[in-house]
Amino acid sequence: MQPSSGENVNQRIARISAHLDPPNLHMDNTASVSRLNCRAKGAAAGFRVAILGAAGGIGQPLAMLMKMNPLVSVLHLYDVVNTPGVTSDISHMDTGAVVRGFLGQQQLEEALTGVDLVIIPAGVPRKPGMTRDDLFNINAGIVRTLSEAIAKCCPNAIVNVISNPVNSTVPIAAEVFKKAGTFDPKKLLGVTMLDVVRANTFVAEVLGLDPRDVNVPVVGGHAGVTILPLLSQVKPPCSFTPKEVDYLTHRIQNGGTEVVEAKAGAGSATLSMAYAAVKFADACLRGLRGDASVVECAFVASQVTELPFFASQVRLGRIGVEEIYPLGPLNEYERAGLEKAKKELESSIQKGVSFVRK
Ligand code: NAD
Ligand code: LMR
């Protein structure tokens, strides 16, 4: 293959080997990737995506799946450890997206510059016996630092927060953005997609259906009783016995704990989470592209209840969250669940807000 005209051999080598030596890349402006030269030959123009925490249990399969997404033209992988290896490995996949790795805090800003979507799975996972809130002390600081860099380098990007406890980390990111004067509630989304993915799977098992044909709205938040599956609104329409409702609600609310216990100290859901994160990120990108009727559940700034944040079905579009749908008619069981969810959510949200305001 001939070098493209106007590009000398050194520049070409620097570009091709960029992922192998991120520290040098940082110093070398000639190797900086522009929107144009980042496209693999033949690949369509796409979006630039950054994954923060890309070398972790979720980050690695998430990076692999995003490299396979045809809507992605540039994939930035950032972590405080191990990104050169993960980036080198993933960059060999013969898909369109160009991959670049960024290692350590000194490369965080470069990782974020010019991106359209930031996905954050950075932070520690649970071990058996812990609640998601037990992760607050470590993960709150991580999300704050990353959000400060997002506010500075890509204030218009859509942000998908995966790091737990989501019910607090999303308010933390919002407060950081407010402080920086960049907060746009349409662009900050807590990822609750795994609850929907689990709900679809477990409900399909009970109904004897293909999970791909099932859609269960899951509202509230992402921890224990704040995870509220609306089984009265399942599509296709169906009915459950009270025993089935109890079983399904409990299993959906405890799906994360089920995995944490099965992994017995080796972490929490990573593979199903990467799948769910990509499903959600893909919906955000399709919205950005201008596709109609892209609707998913997410934890967002909301007026659906009296709480400042709440997960419900949202329509995704060119500017992020374009419409937040009301909860719809709830039965008595769901109304009782909603009251419990709101009580816990209120204190988790406040905890996140206070962490930044203190
Ligand atoms: P992991 O420990 O395997 O990976 C986390 C990664 O984050 C590591 O590679 C680590 O180096 C990196 N990291 C730590 N501090 C960082 C920083 N300041 N900047 C960038 N990267 C940093 O954990 P995991 O299993 O991938 O889980 C990550 C988080 O996702 C946890 O908080 C977990 O609870 C959460 N999670 C959320 C959901 C959800 O549905 N929202 C589902 C599963 C897990
Ligand atoms: C999940 O739902 O799997 C995640 O929130 C991880 C966890 O700690 O349960």
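**Close-up 1. Aspartate 79 and ligand 1 in the predicted model.** An N or O atom in the side chain of aspartate 79 lies 2.6 Å from an oxygen atom of ligand 1. Aspartate 79 is also among the residues that come nearest to the ligand. Strand S2 spans 72-79 and supplies at least two residues of the shell.

**Close-up 2. Asparagine 164 and glycine 56 at ligand 1.** The side chain of asparagine 164 places an N or O atom 2.9 Å from an oxygen atom of the ligand.

**Close-up 3. The shell around ligand 1.** The shell holds 29 residues. Gly57, Ile58, Asp79, Val124 and Asn164 come nearest. By class, 18 residues are nonpolar, 10 are polar and one is charged.

Close-up 4. Helix H6 covers 136-153. Strand S2 supplies at least two.

**Close-up 5. Ligand 1, its pocket and the two domains.** Ligand 1 takes up the space of the second largest pocket. Which domains contribute to the shell around the ligand? Domain 1 (20-190) and domain 2 (193-357) each provide at least three residues.

Conventions. Residues are numbered from 1 along each chain as its sequence is written. Chains are lettered from A and ligands numbered from 1 in the order in which they are written. This is a predicted model: local features need pLDDT of at least 70, side-chain atom pairs count only at pLDDT 80 or more; totals for chains, interfaces and linings use all residues. Side-chain values use heavy atoms; hydrogens and water are left out. A residue is near a molecule or strand if one of its heavy atoms lies within 4 Å of it. A polar contact is a pair of N or O atoms within 3.5 Å; within protein, one must be able to donate a hydrogen and the other to accept it, and residues adjacent in sequence count only if both atoms are side-chain atoms. On a 1 Å grid over the protein atoms alone, a cavity is a set of points where a 1.4 Å probe fits but cannot get out, and a pocket is an open set with protein on both sides within 12 Å along at least five of seven lines; lining residues have an atom within 4 Å of a point. A molecule sits in a cavity or pocket if more than half of its atoms lie within 2 Å of its grid points. Helices (H or I, at least four residues) and strands (E, at least two) are DSSP runs, numbered from the N terminus. Ala, Val, Leu, Ile, Met, Phe, Trp, Tyr, Cys and Pro count as nonpolar, Asp, Glu, Lys and Arg as charged, and the others, Gly among them, as polar. Domain bounds come from an automatic or database domain assignment.
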